[in-house]
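Subject: Handover of a structure for your study

Dear colleague,

I am handing over a structure for you to look at. Please open it first, and then read the notes that come after it.

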Number of protein chains: 2
Amino acid sequence: VIPGRDDVGLRSETVRRANLSAIVRELHLRGPLSRSDLVAHTGLTRSAIRALIGELAAGGLISEEAPERLGTPGRPSPVVRPNAEAAVALGLELTVDSIAAALVGFGGAVLESRRIDRPRGHKAVDDVVADLVRLVDGLSEPVDRAIGIGVAVAGVVRRSDGFLSTAPNLGWRDVPLGDRLVAAFGRSVPISVANEADLGALAEHRRGAAVDADDVLFISGEVGVGGGLIVDGRPLTGFAGYGGEVGHMPVNADGRLCACGSTGCWETEVGEDALLRRAGRPVDGGREAVDAVLAAAAAGDPEATAAVGEVGRWLGIGLAGLVNVLDPRLVVMGGHFARLFPLVREPLERELDRRALSAPRSVVRVVPSALGVDAPMCGAAELALEPLLADPASWLAAQAAPVHARLASA
Amino acid sequence: VIPGRDDVGLRSETVRRANLSAIVRELHLRGPLSRSDLVAHTGLTRSAIRALIGELAAGGLISEEAPERLGTPGRPSPVVRPNAEAAVALGLELTVDSIAAALVGFGGAVLESRRIDRPRGHKAVDDVVADLVRLVDGLSEPVDRAIGIGVAVAGVVRRSDGFLSTAPNLGWRDVPLGDRLVAAFGRSVPISVANEADLGALAEHRRGAAVDADDVLFISGEVGVGGGLIVDGRPLTGFAGYGGEVGHMPVNADGRLCACGSTGCWETEVGEDALLRRAGRPVDGGREAVDAVLAAAAAGDPEATAAVGEVGRWLGIGLAGLVNVLDPRLVVMGGHFARLFPLVREPLERELDRRALSAPRSVVRVVPSALGVDAPMCGAAELALEPLLADPASWLAAQAAPVHARLASA
């Protein structure tokens, strides 16, 4: 935040834009706030808040409501409320066995969401993209109502253009996914593609289990295992945006062949297939088969119990390494790990106790995801809303421009 | 940098302090610069630079020299030079088999340095501290000439007070090392303690192999194996400062017992003892024994060659996991890994090719340390100089204060 120093004459366009962004971000992350809260959270002066709120209200992004009388002394402060319908983003998710879509409004409200399962064998890129388009067409709002489309995918993605280097469990390699999606959805709405676990971490940090932590490791378990890192409140994506691939840490150098081509990666010991294999069931059974093993383990079936316990032990082994390297405050277990967590907690924590160094071990907690399987989709919508949060002034200017000018600039 | 806006009347003490810091940091990291360079690097106005340089010169921290005539048009710009003797820091290092000390001046010049080997068996904390004091007493400057003491130690350290949680290869656990050092060196000079690999990373990033990279993984190999991470130009130390313990990633879950109490940690496969054991030599032989294995391997001895190759293979296995998780631009091999690097490069890179995902693999380079075994000691001095860089205004004020006032506030 750059203080709005009307008093000393410094009031450049840069300052206005930064201050609008600070206000819009606070409202998006915290929900309705009084003007006094905004003063407290942004450090801006009361008069700067008043002027900027006026701009945002005129543009329709927020509404001001008369305050309720709270019995506190002094003049009550009006409540500023984000208008979810004013700016809506489309969050998409593309996993090995399902696709999903959600409309999320400014302020974070999920206005509508859908998920459909897809057979794991059927993975041609064109077919998956066509299914995504059909799913989105079924939503109540047309695509071009969205200010942006965010896409979460279970693969290694270049952020700049959505080029997918590899998605081992989809069997994809070197797919220009960003371009394909632009071809399918058109150029009128910007599209951003990112790794599903990175976006799951973002969503849990903004609205889920990790809102109070700034050093977070999010682990997403599906067929593959992904990771998303938040360090000091900011996403750690690495030099080229490829970071977080915790599923491909070698933990058992003489272990099984992994879909990535290496052997003994963590996901070969803790992914869905490892659980099914250990329980003596056919792999490739998808979510239902996993649920059947979890139900059997909960009911005391010895083979299922042993399988779950062994996955828990390997979860602890891999997490111990990550805790030693990253010293997180919180580990959030996402995807099917969230459902698995109560059953594996004991062997997982035992292995952490044994293998993590006592200092980082003493500060870390392991918790299940709060957003469940929808975390990456919610994160995708957050990604698509980010340009609005970073520069609401441009959004305001676009609202004010006549429609033909907006189309011409698209 | 906050622009020094004389024109609009904003010239608070906060701005002056931030701008002094920006100038001092540039000079420390880049060495002598012309006023024009300082304008370019800091974004400050020429008049602001002139005034602040005047303050720093009056305090003795920098000197201005007449420029050489370079044949370029226009008035030549005076050269601003950091005065190394004006502010000196003491960097100490405490490893399993040696202790070291260096006096490093503002600007980064190493004015004096000493290292002595210590027998590995002799590890009582009091004895080591006493040896450090003797080493420092042998330097040409008294301790209280230093503006700060930085200490690099091969263990897991809490930054706030230098409490050492564990140093497995020193056999130390729960040692209030910061307090012990304050007792030994007195309170007149501030003492900061940090992990040796974190400080090695800092030094290589500021003055070594990683000056041009902002996403760096520094791996330090001695008896133990440590890591230091730079992410987006900033140190990643984790929630409580315990991060970077890459030596304790489980890479061989059924492997050997580690000094930390776990089994199959990376350091049990790539540390000094692993090399000696694989070469059929007694472990605990220290640097000379390691050098003998390296010399034998270079001369073609089959057992030594096989041992070195196997360490290289395991280095590649562990690095593959770290590359997949962190997506660094550069991996810097420090400690004895720097000497090992030419001999292990081929198996290391081969294993990286096989096990790292192709996207992060394609952007990472692995290089030897430029500062060699002294990297952590140099980093310790950088740590001790940091308060000067962050707030030179306070340093200037202390210089101006009479001596008795300085003593009273110490």
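The notes below cover the sheets, the interface between the chains, and some contacts within the chains.

Please bear in mind that this is a predicted model, in which local features need pLDDT of at least 70 and side-chain atom pairs count only at pLDDT 80 or more, while totals for chains, interfaces and linings use all residues. Residues are numbered from 1 along each chain as its sequence is written, chains are lettered from A and ligands numbered from 1 in the order in which they are written, and side-chain values use heavy atoms, with hydrogens and water left out.

Sheets

In general, the strands of a sheet pair through backbone hydrogen bonds, either parallel or antiparallel. Here, helices (H or I, at least four residues) and strands (E, at least two) are DSSP runs numbered from the N terminus, and two strands pair if DSSP finds at least two bridges between them.

In chain A, five strands make an open sheet with mixed pairing, in the order 6-5-4-7-11. Strand 6 (110-117) and strand 11 (191-195) of chain A are at its edges with a single partner strand each, so one side of each has no neighbour in the sheet. From one strand to the next, the twist averages 15 degrees. Within this chain, strand 4 (residues 88-94) and strand 5 (residues 98-105) of chain A are antiparallel and share seven bridges; A:G91 has A:A102 in strand 5 as its bridge partner.

Chain A also has an open sheet of three strands, ordered 1-3-2 and paired antiparallel. Its edges are strand 1 (33-34) and strand 2 (62-65) of chain A, each with a single partner strand, so one side of each is left without a neighbour in the sheet.

In chain B, strand 5 (residues 98-105) and strand 6 (residues 110-117) run antiparallel and are joined by seven bridges. These two strands of chain B form a hairpin with four residues between them, and B:G107 in the turn has a positive phi of about 100 degrees.

The interface

A:R234 forms a salt bridge with B:D232, with the closest N and O atoms 3.8 Å apart.

Within the chains

Over all chains, the whole structure has 63 salt bridges. A:R361 and A:E349 meet in a salt bridge at 2.6 Å, N to O. A:R361 lies in helix 12 (residues 358-363) and A:E349 in helix 11 (residues 336-355) of chain A, so the pair ties together parts that are twelve residues apart in sequence.

Yours sincerely,
A colleague

How values were computed: Axes are lines fitted to C-alpha atoms, for helices over the stretch in contact, and angles run from 0 to 180 degrees between N-to-C directions. A salt bridge is a side-chain nitrogen of Lys or Arg within 4 Å of a carboxyl oxygen of Asp or Glu.
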